[in-house]
Structures are given as C-alpha cells and as structure tokens.
Amino acid sequence: MNSRERIQAIIAGEPADHCGFWLGNPDPATWPILYDHFGVSNKTELRQLLDDDFLWVCPELSNTYRHPAGRQMFDLEVERLSHGQPGPFANCEDVSELDDYEWPNLDYLHYDDCLDELRNAGDVYRASGHWTPFYHDLCFLFGMENYFVKMYTHPDVVHAVTDRVCQFYYQANERFFKQAGDLVDGYFFGNDFGTQRDLMISPDKFDEFVMPWFRQFTEQGHRHDCQVILHSCGSIYRVIERLIETGVDCLHPLQARANNMDAETLAREFKGRIAFLGGIDAQDILPYGTPDEVRAEVHRVRGLLEPALIVSPSHEAILPDVPPENVKALALAARE
C-alpha cells in the first residue's frame with residue numbers, strides 16, 4: 001500500500017496497513033532549520049525522509065491569480081493590522097453598494113504551476129482545491145466586529161456579500177477540478193470558525209450565514225470525486241455534528257488544547273463517523289516537550305483515534321521554536 005492508497009483508505013474508514021502521517025506546512029522560517037538538521041536541501045527530500053504520506057497543493061500558493069496590476073483575489077489595498085480593522089463594507093447598509101467593489105475576475109486564474117506540482121507529486125495523497133477562506137474574507141471585507149454585528153442589523157447585506165465571495169470560489173473550483181481531474185484525491189479547504197474557547201458566532205448564526213455555502217462546497221468536492229477535508233482551527237465542537245451531517249470526510253487540525261477538541265472527547269463522540277487529521281499538540285508538547293514526550297503523546301492520541309487518523313501537528317504551520325528532534329519523534333511515532 002503506497003501513501004496515496006493509505007490516506008484514501010484511512011479517510012474512507014477502510015483498513016490501512018498503518019497510521020498515516022503529514023508533516024504539515026511548516027512556517028517559512030522553519031524550513032531552513034529542518035533542512036540543516038536533517039541534511040536535506042528541499043521540501044521533497046525532507047518529506048521523503050520522514051515518510052510523509054500527504055501533499056497539500058494550494059492554488060492560492062502557486063501563482064494562480066495573475067491580475068495585470070498585481071492585485072490579489074480579495075485585495076483590500078490596505079495593510080491589515082487586525083481582523084477588526086474596518087473593511088470596504090464596514091458601513092454598507094444597502095446591497096446596491098456591492099457593485100462599487102472590484103470583485104476578483106475568474107479570467108485571471110491560471111493553474112499551470114499548480115497542475116504541474118500535482119502531476120509530479122509521486123504516490124503521495126494529493127490534497128488541493130481552492131482554499132476557499134470565505135469566512136476570513138468576509139471578516140476582512142467588513143471588519144470582524146462589523147461582520148458579526150451586521151448579521152443582526154443588516155443580514156441581507158451579509159448574505160449578499162457572502163454570495164459574491166462564495167460564487168467566485170465555487171466557479172473557480174469548478175474550473176480547477178475540471179482541469180485537475182484525477183490528480184486530486186481530497187478537496188482541502190479552510191475557514192477558522194473557532195477560538196480557543198468556542199465558536200466565534202452562535203450555532204444559529206453559523207447555520208444561517210455559513211452552512212448554506214459550506215454545504216455547497218462540500219457537495220462540490222464530492223461531485224468531483226474528492227474526499228472532503230475541512231481545516232478549522234479553534235474549538236468547533238458545537239458544530240462537528242453538523243459538519244458530519246453535511247458530508248465532511250475528515251477534520252483538521254484538531255487544536256488539542258481548545259475546549260472539547262481533545263482526543264478523548266473527539267473519540268468518545270465522533271469516532272467512526274469522521275476521519276481525523278492532526279491532534280498532536282503544537283502549543284505545548286511539540287515546542288516544549290522532549291522527544292520521548294512527543295512520542296508518548298503520539299501513541300496516546302493514536303490509541304484514542306485510530307484507525308481513522310493521520311498523525312500531524314494540531315496546527316500545520318510548525319513554528320521555528322519546535323526542535324527538529326521533536327519533529328523526528330513525531331514522524332517516527334506515527335510509524336511505530
């Protein structure tokens with residue numbers, strides 16, 4: 001069983017030869033530290049050395065949106081100092097104002113670099129599709145506080161902006177999946193719905209403003225024969241049942257120290273109904289633990305969440321303060 005077959009089986013809830021492993025997507029400052037420690041020169045060599053099963057190829061990170069003036073998909077033309085900073089729709093009270101904004105253009109999308117990376121991936125599991133961070137984009141377009149308040153004061157405006165953002169991603173994904181064909185195994189997309197303690201918005205507002213489009217993106221991935229993997233940091237415990245009902249196949253990254261996102265709770269309430277990717281504490285164990293403590297934590301989480309588990313950090317962006325010895329212990333323990 002190769003890596004691609006292994007992860008496909010794990011996410012599908014089928015027997016695999018052993019546990020899956022994903023290194024994650026380390027912070028740019030972390031890669032040189034890992035290269036030096038492991039004696040390699042690039043990401044591919046490091047992943048092969050660590051027996052990494054999983055490759056994330058994100059169009060947004062592959063020179064995909066090529067605006068003639070260099071704008072990004074949702075280029076707000078200001079330096080974002082905080083999520084709460086007012087965006088272009090901070091004071092919008094009428095949907096007629098939406099046409100004044102320069103929305104992203106599908107004609108500026110070019111997937112050649114992304115497709116080449118997928119074609120050259122080897123036998124690893126290929127996770128791709130637009131990252132589709134519509135919840136984040138809305139936080140920036142309104143300003144986070146304005147976004148949440150307008151759910152109550154101007155719901156028609158929030159729905160209209162949501163539709164504009166999500167229609168773009170939906171149509172962009174259609175173009176991408178049609179070109180990628182069977183190069184993609186899993187539609188991996190991300191929106192951080194939780195804080196360390198709970199959801200950012202109430203479950204009823206989540207149902208009203210997030211779930212309709214979330215459901216469409218999940219169905220889109222399945223229609224293109226992809227397993228659906230959701231990334232959401234924070235405590236999203238109160239909506240995991242909804243996500244399962246919607247058809248999400250795998251949940252990432254399992255922020256281990258967020259409320260009710262510990263392996264014990266997830267195993268007790270959701271094991272057997274969804275696969276898990278992540279779960280190894282990146283807030284304390286990985287940066288501050290010893291290799292033996294990392295290894296013990298991996299075995300503890302495996303004991304709770306296997307067989308539908310892909311071992312990985314509880315946040316994919318491994319920071320430079322994580323000792324390379326702990327990264328090695330993480331990888332080895334996933335195979336032991």
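View 1. Pro307 is found in the loop between helix H13 (291-305) and strand E8 (309-313). Helices here are DSSP runs of H or I with at least four residues, strands are E runs of at least two, and both are numbered from the N terminus. The bond joining Glu306 and Pro307 is cis, with omega about 10°. There's another cis bond to look at, from His252 to Pro253, with omega near 5°. Pro253 lies in the loop between strand E6 (250-252) and helix H11 (263-270). Keep in mind that this is a predicted model: local features need pLDDT of at least 70, side-chain atom pairs count only at pLDDT 80 or more, and totals for chains, interfaces and linings use all residues. Residues are numbered from 1 along each chain as its sequence is written, and side-chain values use heavy atoms, leaving out hydrogens and water.

View 2. Most residues other than glycine have a negative phi, and most peptide bonds are trans. Asp51 isn't a glycine, yet its phi is positive, about 55°. You'll find Asp51 in the loop between helix H3 (43-49) and E2. Its relative accessibility is 42%, so Asp51 counts as partly exposed (buried means under 20% relative accessible area, exposed over 50%, partly exposed in between, with a 1.4 Å probe and protein chains only). Asn63 also has a positive phi of about 55° without being a glycine, and Asn63 sits in the loop between E2 and H4. At 48% relative accessibility, Asn63 is partly exposed too.

**View 3. Eight strands make an open sheet.** The order is E1-E8-E7-E6-E5-E4-E3-E2, and the pairing is parallel. Strands E1 (20-21) and E2 (54-56) are the edges, each pairing on one side only. Two strands count as paired if DSSP finds at least two bridges between them. E2 and E3 pair in the parallel sense through three bridges, and Trp56 has Ala127 in E3 as its bridge partner.

**View 4. Strand E4 is tucked into the structure.** Five of the five residues of E4 (residues 186-190) are buried, so the strand is largely enclosed by the rest of the structure. Gly186, Phe188 and Gly190 point one way, while Tyr187 and Phe189 point the other way. Strand E3 (residues 125-128) pairs with E4 in parallel over two bridges, with Ser128 partnered by Tyr187. E4 is also joined by five bridges to strand E5 (residues 227-231), again parallel, and Gly190 has His231 in E5 as its bridge partner.

**View 5. Helices H5 and H7 cross.** H5 (residues 134-142) and H7 (residues 155-180) pack at about 130°, with axes 10 Å apart (axes are lines fitted to C-alpha atoms, for helices over the stretch in contact, and angles run from 0 to 180 degrees between N-to-C directions). H5 and H7 are therefore oblique to each other (under 35 degrees is roughly parallel, over 145 roughly antiparallel, 65 to 115 roughly perpendicular, the rest oblique). Among the residues that meet are Phe134 and Leu138 in H5 and Val161 and Tyr169 in H7.

View 6. Asn326 belongs to H14 (residues 324-335) and is buried, at 2% relative accessible area. Not counting residues up to four places away in sequence, Asn326 touches Ile285, Leu286, Gly289, Thr290, Pro291 and Val294 (contact means heavy atoms within 4.5 Å).
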